[in-house]
Amino acid sequence: MDNNALWIILQRLRTPLLVIIITYSIAILGMVLIPGVDDKGDIYHLTFFDAFYFISYTASTIGFGETPYEFTYTQRLWVLVCIYLTVVGWFYAIGTLVAVLSDKTLKNELMKGRFRKRVRALKSDFIIILGYNHVNSQVIQKLLANDLAVVLVDISEDKINGFLLEDFAHSIPVMVADALLTETLKDAGIEMDRCQAVVSHFFKEDKNLRIAILTKFLNSNVKVITKATVRDTMTSLIDTDIAKVENPFEIFAKRLDIALIAPHIMILENWIYKNYDLTHEATFLPQGRYIICGYGRMGKVVKEKLDFHGIEYVIIDENVIPTKEMIENNTFISANADDREVLLEAGIEESAVLIAGTQNDIDNISIVLTAQKLNSELYLIARENTMKEVSIFEAANIDWLFMIEKILINKTSLQLANPLKHAFLKLIIYKDEEWGTSLVNLLKSQIGANPKLMNLTITEERAYALYREIEAGESINLNILLKSLRDWKSYHNAIPLLLKRGNEEILLPHDEVMELGDQILFACDEESREEIEYIASNIYDLHYIRTGEEKKNWLLGKIFK
Amino acid sequence: MNLQKVISGFFFILAMTLNFGFSYGDAQNIEMHTNYELYAALVVSLIATILKIGDKTQIGSVLLASSLVADIQLIAAVLIWTVTDSMDSATMATIVSLSGGALMANVTSVILYIGETLKSKR
């Protein structure tokens, strides 16, 4: 039991214990002092033990009867007093004890104690998740699938109870507490070396900022994974230096960008997220007029991108006051987009793409349904704020569904579970279509439609042979790892995608000299994955690949000489 | 004057004096030690223990610890008195020496208590 909990119990039980001791001692003393008559008619006094025995079973209302001899009337008179005195005292004490045990503060203390103990007992690196919602629930499952330990804190007891019903809940230390307090973060182990990151996806973004600042002062080695949809909050978050901020709207804008000019990059992205394989058709957004419904955080980033690419568009929103420029260009209709007439006025029949991007999921779906009736050729993009209505959106036959929560789930879990893939994605979105096409074709022709990804880190455990050679001062090129063990002059089917060395990231490395601690991401098939692992960790295989000769076993060589 | 201090001080010192009163006299002489006084010493010592609970300071913990020691010693003495068939001088000597040990603990706690009171500025 935790120290605090013990103190709470003891403190609350002070008065009841005093009451019991005092009432018992008075009753016992009386029983001893009052003379009784034994079976032979002689006068006797109860011993202290007899009296204690009698009072004990009387006070607890067990009532074995009068021992050792039947009482006299004087004694019974005193027993009457004893009963009312001690029984009341006893019940009072029991009542208080029960009340203390069901007390909320005590329960919280007990839970906190268990939580702290479990966090301290975690053997591997772990990640603190603040708040239990749909996004974090999915993130937890993905992290667990990647063998990462997780610690969960939420302020609401109901949510925690809901979490405890999940089948993955048993391995996760969990506590009901306010995550915005330093003490909670400390309890969750933020100051420990093994704490890798804090995931904070609060809807109110100032909370996320607060978490980032607290974390910076508690342990600046911990990453804070968070989101921001407002630019001010985002810059403040980035200024803390330790926060990795995702803005789902900017991610969407970037994807829109890619879909407009470099759809093959999108294919690569979908492949890395395991949504589709590489043969999936590239999404080219149709050219033509765009209708944007809703001019909020999403509408603004979309407008920026369309302006940049010089695409004609019209915005529909009833709550926003248009700028002068918009009125002059005739690109703004101040009306509710969920209306036939308004959509017709916006020229839906001549338009190519409709983006339903309001804050309200039902509005979005309703806009989409109306638009489908007016123009069946229309390319539809819809925004879905929460995953609650996912089946309705799927049924609506929407060409491109933008799910804010799904983006957060994917980004967060990839960043934590596989930082190398995440780094690769971050680099490729700035590449052009030509680069994307050639990489997709290379992957398809050399490996297949759905290549696997593997990480290799040059450490003693992961790549023993390489580590040994490099440490001894040998210079080894990356393409050593690509050679085939069957014939050292040929190559197997792997393609190195990224080499990460400290803060330096090399996209599509080719002939780099490897260094200790390098992290390399390969696209490969099952067979080449094995070959890379053999070459990296087996000194005989490495020797063969480098020289084309079998390495002589030193001991055997001596024996046979 | 603080009533709470008076009450707790009263019980701490009473526990010591009763304990001393029981132990005083020739240890082997049965007639010099009455069971009523041992009973009183135990009850008052238990009350003193409860009164000491709840103070989480350093000195509070030592006070509580010394009181628990006294309780255990006195309970041992009472148990021996209860289970013994016929009281002889050897048994009485054991009981008195146990309560003597309790006395040491009580004296310690009273000294600590006085020291704390003297240190206090109020």
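The C-alpha centres of domain 1 and domain 4 of chain A lie 81 Å apart in this predicted model. Chain A is divided into domain 1 (3-102), domain 2 (109-246), domain 3 (285-416) and domain 4 (451-554), with bounds taken from an automatic or database domain assignment. Residues are numbered from 1 along each chain as its sequence is written, and chains are lettered from A in the order in which they are written. Local features need pLDDT of at least 70 and side-chain atom pairs count only at pLDDT 80 or more, whereas totals for chains, interfaces and linings use all residues.

The complex is assigned an ipTM of 0.87 and a pTM of 0.73 by the predictor. For chain B, the average pLDDT (the predictor's confidence in each residue, from 0 to 100) is 90, and 98% of the residues score at least 70.

In chain A, an open sheet is formed by six strands in the order β11-β10-β9-β12-β13-β14, with parallel pairing. Strands (E, at least two residues) and helices (H or I, at least four) are DSSP runs numbered from the N terminus, and two strands pair if DSSP finds at least two bridges between them. Strands β11 (332-333) and β14 (400-403) of chain A stand at the edges; each has a single partner strand, so one side of each is left without a neighbour in the sheet. The partner of β11(A) is strand β10 (residues 313-316) of chain A, with which β11(A) pairs in the parallel sense over two bridges. In one of these, I315(A) is bridged to F332(A) of β11(A). Helix α13 (residues 297-309) of chain A lies across β9 (290-293), β10, β12 (353-356) and β13 (379-384) of chain A, and runs at about 160° to β9(A). Such angles run from 0 to 180 degrees between N-to-C directions, the axes being lines fitted to C-alpha atoms, for helices over the stretch in contact.

A helix pair is found in chain A at α11 (residues 248-261) and α12 (residues 263-272), whose axes come within 6 Å and cross at roughly 125°. The helices α11(A) and α12(A) are therefore oblique to each other (angles under 35 degrees count as roughly parallel, over 145 as roughly antiparallel, 65 to 115 as roughly perpendicular and the rest as oblique). R255(A), I258(A) and A259(A) of α11(A) make the contact with P263(A), I265(A) and M266(A) of α12(A), contact requiring C-beta atoms, placed from the backbone, to lie within 7 Å.

Technical notes
Two residues are in contact if their C-beta atoms, placed from the backbone, lie within 7 Å.
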